[in-house]
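Have the structure open as you read.

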Amino acid sequence: MKIKSAEFVVSNTRVDQCPDSKLPEYAFIGRSNVGKSSLINMLTGRKALAKTSAKPGKTQLINHFLINKNWHLVDLPGYGYAKVSKSTKRTFQKFITAYFEKRAQMVCAFVLIDSRHEPQPIDMEFMQWLGEHNVPFCIIFTKADKMKPKALERNINFYQEKMLESWEEMPEFFISSATSKLGQEEILDYIEAINTE
Ligand code: GDP
């Protein structure tokens, strides 16, 4: 898919204030600092559509972007940042889970995982929750350029082994780099294929 247009629509803290639209939407989520904003900018070919930040945990909003005038890319808040208070964390949880429970037009969630890290309980628990709530999702392993190819392969194999301890099969997954644009075509084509089904 070629990105012809990408526009910011609105930021919300509440699911019921999200755009009143039937357009299919694709949500991007992951731990703070996983590289979500960089990935969104890379996918859309826009330098600062999503705001990247050196200060993790800043984005606490549901951001809607209209892509090619026919689907929404949704930037969800990062979860699991250690330095936010417990009550802030609960708020994240609440509106993240509310989003997935209520947003019928949500087609697929992309869960971002830093390819350098071992499987983290919070990501595993989050994917477990998605599975239990029948939310379709894929994994995107980010920041692939930060690893040597062998080490990257080893990490992803290890991740698959861990996932297969509790999942019957590995969800669809992609490997990305915001600096080399690795994964851009595959992820956009995947979205396009679902949109034209
Ligand atoms: P977010 O908090 O998940 O939105 O993460 P950001 O997109 O703001 O990225 C966090 C940090 O990781 C920033 O310093 C980015 O420059 C860096 N980063 C993000 N993606 C990549 C990537 O693919 N490669 C490299 N080398 N750095 C990245």
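## How the strands pair

Two strands count as paired if DSSP finds at least two bridges between them. By that rule, in this predicted model, strand β2 (residues 25–30) runs parallel to β4, and four bridges join them. One place to look is Phe28, which stands opposite Asp75 in β4.

β4 also pairs with strand β3 (residues 62–67), this time in the antiparallel sense and over five bridges. Here Leu66 has His72 in β4 as its bridge partner. β3 and β4 form a hairpin, with three residues between them.

## Inside strand β4

Is strand β4 (residues 71–75) enclosed or open? Five of its five residues are buried, so the strand is largely enclosed by the rest of the structure.

The burial holds on both faces: Trp71, Leu73 and Asp75 point one way from β4, His72 and Val74 point the other way, and all are buried.

Asp114 belongs to strand β5 (residues 106–114). Its relative accessible area is 6%, and because buried means under 20%, Asp114 counts as buried.

What does the side chain of Asp114 make a polar contact with? The partner is the side chain of Arg116, at 2.7 Å. Setting aside neighbours within four places in sequence, Asp114 is also in contact with Val34, Thr142 and Lys143.

Key
Residues are numbered from 1 along each chain as its sequence is written. This is a predicted model: local features need pLDDT of at least 70, side-chain atom pairs count only at pLDDT 80 or more; totals for chains, interfaces and linings use all residues. Side-chain values use heavy atoms; hydrogens and water are left out. Helices (H or I, at least four residues) and strands (E, at least two) are DSSP runs, numbered from the N terminus. Buried means under 20% relative accessible area, exposed over 50%, partly exposed in between (1.4 Å probe, protein chains only). A polar contact is a pair of N or O atoms within 3.5 Å; within protein, one must be able to donate a hydrogen and the other to accept it, and residues adjacent in sequence count only if both atoms are side-chain atoms. Contact means heavy atoms within 4.5 Å.
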